[in-house]
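Please consult the sequence and the structure shown here.

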Amino acid sequence: KEEVPAVLAQGLLKLAANKLVDLRTYQAPLAESVGERPMATSLARLQAEETTLITTLLHTQIEISDAQTRRLLQLIDGTPDLRALVSAMMPDLGMSADGAEKSVIGALEAFRSMGLLVSP
C-alpha cells in the first residue's frame, strides 16, 4: 500500500512528460470563450509586431508566420468588438464582409485554444 503514491506519482509524471496532462501550480487567466471584445496578452501583441514566435499563457511558443494573422493578434487589446475587427481586417483579407467575419472568428477561436486570449 505504501507503493501506491509512488506509482501514481510516476504515472502522472509520464503523462505530463508526454503532454497528455498539464500540471500547474496556478490557474492562468485563460479566456473560456472569445467574448465580445477579445483581448490577447500584451506580450503576444508585442511579439506579433516583432517576430513570428509568440509566447502563450501556457508557457509554450507557437509560430505565426502569416502577417495578416499577426496583425489581427496585434489588434485584439480588448477595445474593438468583432465588427470593428472585421472592418479593420477586410482590406488585408480581400474578402467579402461575411468571408472576413468567418476568417476573423476562426482566428480568434484558434487564438483562444492556443492560450493567447485572456479573460476580461
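Helices are DSSP runs (H or I, at least four residues), numbered from the N terminus. The model is predicted: local features need pLDDT of at least 70, side-chain atom pairs count only at pLDDT 80 or more, and totals for chains, interfaces and linings use all residues. Residues are numbered from 1 along each chain as its sequence is written, and side-chain values use heavy atoms, leaving out hydrogens and water.

**A buried arginine**
- R70 is placed in helix α3, which spans residues 67–75.
- R70 is buried and lacks a salt bridge, with D66, the nearest side chain of opposite charge, 7.0 Å away.
- Buried means under 20% relative accessible area, exposed over 50%, and partly exposed in between (1.4 Å probe, protein chains only).
- For charge, Lys and Arg count as positive and Asp and Glu as negative, while His and the chain ends are not counted.
- A polar atom of the R70 side chain lies 3.1 Å from the backbone oxygen of I64.

**Salt bridges**
- A salt bridge is a side-chain nitrogen of Lys or Arg within 4 Å of a carboxyl oxygen of Asp or Glu; by this rule the count is 2.
- R71 pairs with D92 in a salt bridge, the closest N and O atoms being 3.2 Å apart.
- R71 lies in helix α3 and D92 in helix α4 (residues 82–93), so this pair ties together parts 21 residues apart in sequence.
- R71 is partly exposed at 32% relative accessibility, as is D92 at 30%.
- E109 forms a salt bridge with R112, with 2.6 Å between the closest N and O atoms.
- Both E109 and R112 lie in helix α5 (residues 97–114), 3 residues apart, about one turn of the helix.

Technical notes:
Helix = DSSP H or I, 4+ residues; strand = E, 2+ residues; numbered from the N terminus. Polar contact = N/O pair within 3.5 Å; in protein donor to acceptor, adjacent residues only side chain to side chain.
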